[in-house]
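Reader: I would like to go through a model with you, feature by feature. Please give the general idea where there is one, and then the case at hand.

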Amino acid sequence: MTVTALAPAREMLAEIDAIIADHLRLEGPLLPILHGLQAAFGYIPAAAHAPIAQALNITRAELHGVISFYHDFRDKPAGRHVIKICRAEACQAVGAAALSDAVLAGLGLDWHGTTRDGRVTVEPVYCLGLCACGPAAMVDGALKGRVSPEMLLAELGA
Ligand code: FES
């Protein structure tokens, strides 16, 4: 069962408990649990922190360290469209900084920000495997090479 971010708290807590229980017997269950939560909710709900810490016998600080280490884990819901712009070296060498500056300015966002209408979230990513075709980006899971700000914004109708 998938629950949206607007689900009633009791239903969300039940889903969180079910996801934790589903992965608890795995060796190294933390990352599978976090991936399961993000798949279900689109982010890692704060309400999941205490149950995870308790189930895995880790501190909430340790859990926070893991969540914040991996750029893919969100602490809030993303917009309906997600643009990930590569910030790794090869793309930086071919204009990724100018690309991201223009896209963020065009949407009025900072990194990890979501437009007020909930339409677009822009996130950094560190190599998409398209290094020879930089600057690279991903729009709703689709890889894009040699992108320009105009291309990305046009795809979103921005
Ligand atoms: S450095 Fe950007 S895709 Fe590899």
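This is a predicted model: local features need pLDDT of at least 70, side-chain atom pairs count only at pLDDT 80 or more; totals for chains, interfaces and linings use all residues.

Reader: Where does aspartate 140 lie, and what is its phi?

Author: The general idea is that most residues other than glycine have a negative phi, and most peptide bonds are trans. Aspartate 140 has a positive phi of about 50°, although it is not a glycine. The residue sits in the loop between β3 and β4 (142-144).

Reader: What is phi at histidine 112, and is histidine 112 exposed or partly exposed?

Author: Phi of histidine 112 is near 70°, again a positive value in a residue other than glycine. Histidine 112 belongs to the loop between α6 (96-107) and β2. It counts as partly exposed, because it has 14 C-beta neighbours inside 10 Å, and a residue is called exposed at 12 or fewer.

Reader: Which form does the peptide bond from glycine 134 to proline 135 take?

Author: That bond is cis, with omega near -5°. Proline 135 is found in the loop between β2 (120-125) and β3 (137-139).

Reader: Now the chain as a whole. How many helices and strands are there, and in what pattern does the chain follow them along the sequence?

Author: The chain has seven helices and four strands. Read along the sequence, the pattern is α-α-α-α-β-α-α-β-β-β-α. The C-alpha trace spans about 45 × 30 × 25 Å along its principal axes. Of the 158 residues in the chain, 25% are buried.

Reader: What does the domain assignment give?

Author: It gives domain 1 (9-69) and domain 2 (81-155). The C-alpha centres of domain 1 and domain 2 lie 28 Å apart.

Reader: How should I read the length of helix α1?

Author: Helix α1 (residues 9-23) has 15 residues, and at 1.5 Å a residue these should span 21 Å. The end C-alpha atoms of α1 are 21 Å apart, which agrees.

Reader: Which residues of α1 are buried, and which are exposed?

Author: Glu15, Ile16, Ile19, Ile20 and His23 are buried in α1. Seen down the axis of α1, its buried residues fall within an arc of 135°, so they line one face of the helix. Arg10, Glu11 and Ala21, on the other side of α1, are exposed.

Reader: What covers the buried residues of α1?

Author: The cover includes α2 (30-41) and α3 (49-56).

Reader: Next, the sheet. In what order do its strands come?

Author: The general idea is that strands of a sheet pair through backbone hydrogen bonds, either parallel or antiparallel. Here four strands form an open sheet in the order β2-β1-β3-β4, and the pairing is mixed. The edge strands are β2 and β4, each of which pairs on one side only. Neighbouring strands of this sheet are turned by 25° against each other on average, direction ignored.

Reader: How many bridges join β1 to β2, and how many join β1 to β3?

Author: Strand β1 (residues 81-86) is joined to β2 by six bridges, and the two run parallel. Between β1 and β3 there are three bridges, and these strands run antiparallel.

Reader: Which residues pair along these strands?

Author: Histidine 81 stands opposite valine 120 in β2. Valine 82 has threonine 121 as its bridge partner in β2. For isoleucine 83, the bridge partner is valine 139 in β3.

Reader: Which strands does α6 lie across?

Author: Helix α6 lies across β1 and β2, and runs at about 155° to β1.

Reader: Last, take leucine 143 in strand β4. Which residues does leucine 143 touch?

Author: Not counting residues up to four places away in sequence, leucine 143 touches Leu128, Leu130, Ala136 and Met138. With 15 C-beta neighbours inside 10 Å, leucine 143 counts as partly exposed.

Reader: How far apart are leucine 143 and lysine 84 in sequence and in space?

Author: They are 59 residues apart in sequence and 9.3 Å apart in space, C-alpha to C-alpha. For the chain, residues 24 or more positions apart account for 58% of the contacts with a separation of 6 or more.

Notes: Residues are numbered from 1 along each chain as its sequence is written. A residue is buried if 20 or more other C-beta atoms lie within 10 Å of its own, exposed if 12 or fewer, and partly exposed in between; C-beta atoms are placed from the backbone. Two residues are in contact if their C-beta atoms, placed from the backbone, lie within 7 Å. Two strands pair if DSSP finds at least two bridges between them. The expected span of a helix is 1.5 Å times one less than its number of residues. The arc is that of the directions from the helix axis to the C-beta atoms. Domain bounds come from an automatic or database domain assignment. Axes are lines fitted to C-alpha atoms, for helices over the stretch in contact, and angles run from 0 to 180 degrees between N-to-C directions.
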